[in-house]
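Please keep the sequence and the model open side by side.

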Amino acid sequence: MDVLGTLKGLVTDSGFAALMKAGGWQNLIMIVIACVLLYLGIKKKFEPLLLVGIAFGCLLVNVSFFITSANGNADALFHQDMWDEFLNPDSPVYHSYGEILKHGGLLDILYIGVKAGIYPCLIFMGVGAMTDFGPLIARPSSLILGAAAQLGVFLAFFGASASGQFTGAEAASIGIIGGADGPTAIFLTTKLAPQLLGAIAIAAYSYMALIPLIQPPIMKLLTTKKEREIVMKQAREVSKTEKIIFPILVTIFVVLLLPSTAPLIGCLMLGNLWRECGVTERLSDTVQNALMNIVTIFLGISVGATTIGFRFLELKTLLIIALGLLAFCFSTIGGLLVGKVMCWLSKGKINPLIGSAGVSAVPMAARVSQDVGRKFNKNNYLLMHAMGPNVAGVIGSAIAAGFLLKVFGG
């Protein structure tokens, strides 16, 4: 047995050998970025349930680059070239899920759930099962606040279009970051601009995690001390029948209005119906816990797999991050401004702070409204009042995504 030859072969075939060759500097940078994201997720607790998975997926796919360089494409965990061919209808190879299953690596197979829109819809099902729609039913005017908080979606869309760096479909995918809804952003981006998925997903979830830092300064700037101190009366009690009928009616109306919203709205409302109907406790519990956790694992790793160095480290990525921040800020502004109008129309009965919860980061945005309100009035309990706009924001972001998909999806 040629021990020296075997050892030499191990060294030559290892990814460490590829590190010594030219090229791959983008992947090295992405490995560093992955470690930073892991730090933010673990130490700073920025959306850890998803960010840790995204960061580790990023780490795996960029380390895999060096294995590929040493041993050939067969050992790759994720094959970007396959997915490029998949997106090309004129390509004679790798244009079907069957070919991906046959020739792809582990991350390719997991990514099918993202590309097919399965994971975001299942996440929406879990969100529906975990969320009480009662505050929205008790105060239907919350729908207006949820709609107003989509302002950032369209401003970011126009900003991306005006930059000249993005197509209409790409600009639409960037704009949806303003909806503050990670699954919706992933769902729309995989349909319209999958090449931007890594940057958009990381921007969306990073800013969602930073809502407690982003929103309070805007809330204090746009509201007066007197407005922030307003104590809202308890909303009426919502009956069980209303809670059961609501998801059914919303599904019928919204899906008929915008059929492209059917996957997201349908799953969201089905999850909520399981929660409220009283005869499917086991299903509701499974969706809220086991299924939600499993899908979160697959979704995070799959999204991270799209952050390949040469695709991620571009000028477009920096623009996406900047436009995403702009979208979040203006979505918050839109909700607050309409909240101030409603405060005036109600003669001071509605605290405009709940307007900031119109972004669909459930329930974090509602908690931020509660925290800011309590700082100025210790007797102020805005959480349940803010949950109305918060739930409306989830529906609003799905409708906005459906509209953009209809316009740019061909």
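Which helix is the place of Ser142? Ser142 lies in helix H10, residues 142–148.

## Basis

This is a predicted model: local features need pLDDT of at least 70, side-chain atom pairs count only at pLDDT 80 or more, and totals for chains, interfaces and linings use all residues. Residues are numbered from 1 along each chain as its sequence is written, and side-chain values use heavy atoms, with hydrogens and water left out.

Helices (H or I, at least four residues) are DSSP runs, numbered from the N terminus.

## Ser142

Is Ser142 buried or exposed? Ser142 is buried, at a relative accessible area of 1%. Buried means under 20% relative accessible area, exposed over 50%, and partly exposed in between (1.4 Å probe, protein chains only).

Set aside neighbours within four places in sequence. Ser142 is then in contact (heavy atoms within 4.5 Å) with Leu136, Gly388, Pro389 and Ala392.

How many salt bridges does a search of the whole structure find? The search finds seven. A salt bridge is a side-chain nitrogen of Lys or Arg within 4 Å of a carboxyl oxygen of Asp or Glu. Side chains of opposite charge can pair when their charged atoms come close.

Glu227 is buried, with a relative accessible area of 14%. Lys340 is partly exposed, at 23%.

Glu276 forms a salt bridge with Lys240. Their closest N and O atoms are 3.7 Å apart. This pair too links distant parts of the chain: Glu276 sits in helix H18 (residues 262–276), Lys240 in helix H17 (residues 240–257), 36 residues apart. Glu276 is buried, with a relative accessible area of 5%. Lys240 counts as partly exposed, at 44% relative accessibility.

Arg275 also forms a salt bridge with Glu276, the closest N and O atoms being 3.0 Å apart. Arg275 is partly exposed, at 32% relative accessibility. Which residues do salt bridges that share partners join into one network? They are Lys240, Arg275 and Glu276.

Terms used: Helix = DSSP H or I, 4+ residues; strand = E, 2+ residues; numbered from the N terminus.
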